[in-house]
Amino acid sequence: MTASEACILLIEDEPHIRRFVRSTLEGQQWTVYEADCGHRGLVEAGSRQPDLLILDLGLPDMDGVEVIKEFRHWSQAPVLVLSARSDEADKIEALDAGADDYLTKPFGVGELVARVRALTRRHARQLEASPLVSFGDVTVNLAQRVVLRGGEAVHLTPVEYKLLCTLLRDAGKALTHRMLMQAVWGPGHTENSHYLRIYMSRLRQKLEQDPAQPAHFITLSGVGYRFQF
């Protein structure tokens, strides 16, 4: 699967939004299937095996967070939430349940297409499973645990490298503070995000062209971080 060949499943109960989103995505040559409720959406997901799931949280038969949890039992395909719920707590709950990104309604065509393109690219790269990852002037050899910047070796501490690998593995995905803390430091450290801010700052200093205006290690205010190519 390439990013341009992605199969997308849209779960949305409002017909006009379904039409708008489907038309937008099909205009980019993606294949789109749809469902108007959570249970039907899960059935469609099981049969279609989508490369990307897009869903609303306010579905008529079940909460979208429960749909995400069910989907995550058997699929690692990226999930993009489209929701009118704008509270940080709602975003964090959806992301912790397994969503990869969150777009608040109303949203623009350009932003929707950009988010979908980023998530489908990430999924395609995961399927290819290349040990080499490049961004900016940085190359990471995951097989050899070597990081180069401009051809020169960059020394990362074990924690810095683990944080980098976690971000690269889920490139394009919005990762909450809790998710990153648990992945890097373990379940006993999920509440102290002070360490995370320190190590993220170190990664930016070592790997960003302009650490003050990072192009790759992006802060999601009140939520967490996202790595983007």
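Mentor: The axes of helix α7 (residues 177–185) and helix α8 (residues 194–207) cross at roughly 80 degrees and come within 10 Å of each other. This is a predicted model, in which local features need pLDDT of at least 70 and side-chain atom pairs count only at pLDDT 80 or more, while totals for chains, interfaces and linings use all residues. Residues are numbered from 1 along each chain as its sequence is written, and side-chain values use heavy atoms, with hydrogens and water left out.

Trainee: Why is α7 called roughly perpendicular to α8?

Mentor: Axes are lines fitted to C-alpha atoms, for helices over the stretch in contact, and angles run from 0 to 180 degrees between N-to-C directions. Angles under 35 degrees count as roughly parallel, over 145 as roughly antiparallel, 65 to 115 as roughly perpendicular and the rest as oblique. The crossing is at roughly 80 degrees, so α7 is roughly perpendicular to α8.

Trainee: Which residues make the contact of α7 and α8?

Mentor: Contact means heavy atoms within 4.5 Å. On α7 the residues are His177, Leu180, Met181 and Trp185, and on α8 they are Tyr195, Leu196 and Tyr199. Six of the contact residues are nonpolar, one is polar and none is charged. Here Ala, Val, Leu, Ile, Met, Phe, Trp, Tyr, Cys and Pro count as nonpolar, Asp, Glu, Lys and Arg as charged, and the others, Gly among them, as polar.

Trainee: What makes β1 and β2 a pair of strands?

Mentor: Strands (E, at least two residues) and helices (H or I, at least four) are DSSP runs, numbered from the N terminus. Two strands pair if DSSP finds at least two bridges between them. Strand β1 (residues 7–11) and strand β2 (residues 31–35) run parallel and are joined by five bridges, with Ile8 opposite Val32 in β2.

Trainee: What makes the crossover from β1 to β2 right-handed?

Mentor: The term applies if, with the strands pointing away from the viewer, the path from the first strand over the helix to the second runs clockwise. From β1 the chain passes through helix α1 (residues 15–26) to β2, and this β-α-β crossover is right-handed.

Trainee: What makes Arg18 and Glu34 a salt bridge?

Mentor: A side-chain nitrogen of Lys or Arg must lie within 4 Å of a carboxyl oxygen of Asp or Glu. For Arg18 and Glu34 the N to O distance is 3.1 Å. Arg18 is in helix α1 and Glu34 in strand β2, so the pair ties together parts that are 16 residues apart in sequence. The structure holds 16 salt bridges.
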